[in-house]
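I opened the notebook to look up side-chain contacts, ring pairs and charge pairs among them. The entries are below the structure.

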Amino acid sequence: MISEVLSEYVQSFWHLLCEMAPYLLLGFFIAGLLQAFVPRSMFSRHLASGNWRSVVKAALLGIPLPLCSCGVIPTTAALRREGASKGAATSFLIATPQTGIDSIMATYSVMGLAFAIIRPIAALVTSFFGGCLVNRFDADAQCGANSNCAANSTPNTQHSTPTFAQRMKSALEYGFVEMLQDVGKWLFIGLLIAALITVAVPT
């Protein structure tokens, strides 16, 4: 009996891991690209402040990205490390999984123009309120006031302009080494709990 339950648990864990892996890998890759190709000054200029403008900008950044609720986790963590405020990161975290260019086009083809328009608007509204609530109730919402954000970030600029190959190497190292070290443990714990729920709760 115990061996059967254990076997079912392992199979459930493996199924969840295989199901989530492509989206998580995409999220880590995009996080690496953001770090390597987007100047850090852009994040500090547009997303670091704890006001509603940074929340809206983060939502607009996330809405077109084709990331699901799995892939958005490492990308949001990367935004925080690069200087985005907690409110902006929350807004990105809420908006991105709700929609994307691919899902907007799919919605248009299946349900028509009205729903294709409503979907990103709903993502913008919900992410705006979520981000503003975080900024409102969190006294340390601005990353600029937290020295750890800058201290823990890997510099994405050098004295000489890096080549494309060097940037890609930096992106892969950041996305699949540094970011994986940061959030990998919590993702693994989440998968263990998800597999337990899958086995324990009847369909």
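**Entry 1: aromatic pairs.** I note that the model is predicted. I looked up ring pairs and got a count of four aromatic pairs. I wrote out two of them.

One of the pairs is Phe13 with Phe188, which is edge-to-face, with 5.7 Å between the centres and 75° between the planes. Phe13 belongs to helix α1 (residues 2–37) and Phe188 to helix α9 (residues 164–200), so I logged a link between distant parts of the chain, 175 residues apart. I then checked accessibility: Phe13 is buried at 15% relative accessible area, whereas Phe188 is partly exposed at 45%.

Another pair is Phe28 with Phe176, at 6.4 Å centre to centre and 50° between the planes, which I logged as tilted. This pair also links distant parts of the chain, with Phe28 in helix α1 and Phe176 in helix α9, 148 residues apart. Phe28 is buried, with a relative accessible area of 3%. Phe176 is partly exposed, with 29%.

**Entry 2: charge over a ring.** I found Arg136 over the face of Phe137, 5.3 Å from the ring centre.

**Entry 3: salt bridges.** How many salt bridges does a search of the whole structure find? I got three.

Arg81 forms a salt bridge with Glu178, and their closest N and O atoms are 3.3 Å apart. Arg81 is in helix α4 (residues 72–81) and Glu178 is in helix α9, so this pair ties together parts that are 97 residues apart in sequence. Arg81 is buried, at 14% relative accessible area, while Glu178 is partly exposed, at 22%.

Arg81 also meets Asp182 in a salt bridge, at 2.5 Å from N to O. Asp182 lies in helix α9 and Arg81 in helix α4, so the parts tied together here are 101 residues apart in sequence. I logged Asp182 as partly exposed, at 41% relative accessibility.

Lys86 lies in helix α5 (residues 86–98) and Asp138 in the loop between α7 (113–137) and α8 (147–151), so the pair ties together parts 52 residues apart in sequence. Lys86 counts as partly exposed at 28% relative accessibility, and Asp138 is partly exposed with a relative accessible area of 23%.

Definitions and conventions:
Residues are numbered from 1 along each chain as its sequence is written. This is a predicted model: local features need pLDDT of at least 70, side-chain atom pairs count only at pLDDT 80 or more; totals for chains, interfaces and linings use all residues. Side-chain values use heavy atoms; hydrogens and water are left out. Rings of Phe, Tyr and Trp (its six-membered ring) pair if their centres lie within 6.5 Å; planes under 30 degrees apart count as stacked, over 60 as edge-to-face and the rest as tilted. Helices (H or I, at least four residues) and strands (E, at least two) are DSSP runs, numbered from the N terminus. Buried means under 20% relative accessible area, exposed over 50%, partly exposed in between (1.4 Å probe, protein chains only). A charge sits over a ring if NZ of Lys or CZ of Arg is within 6 Å of the ring centre and within 35 degrees of the ring normal. A salt bridge is a side-chain nitrogen of Lys or Arg within 4 Å of a carboxyl oxygen of Asp or Glu.
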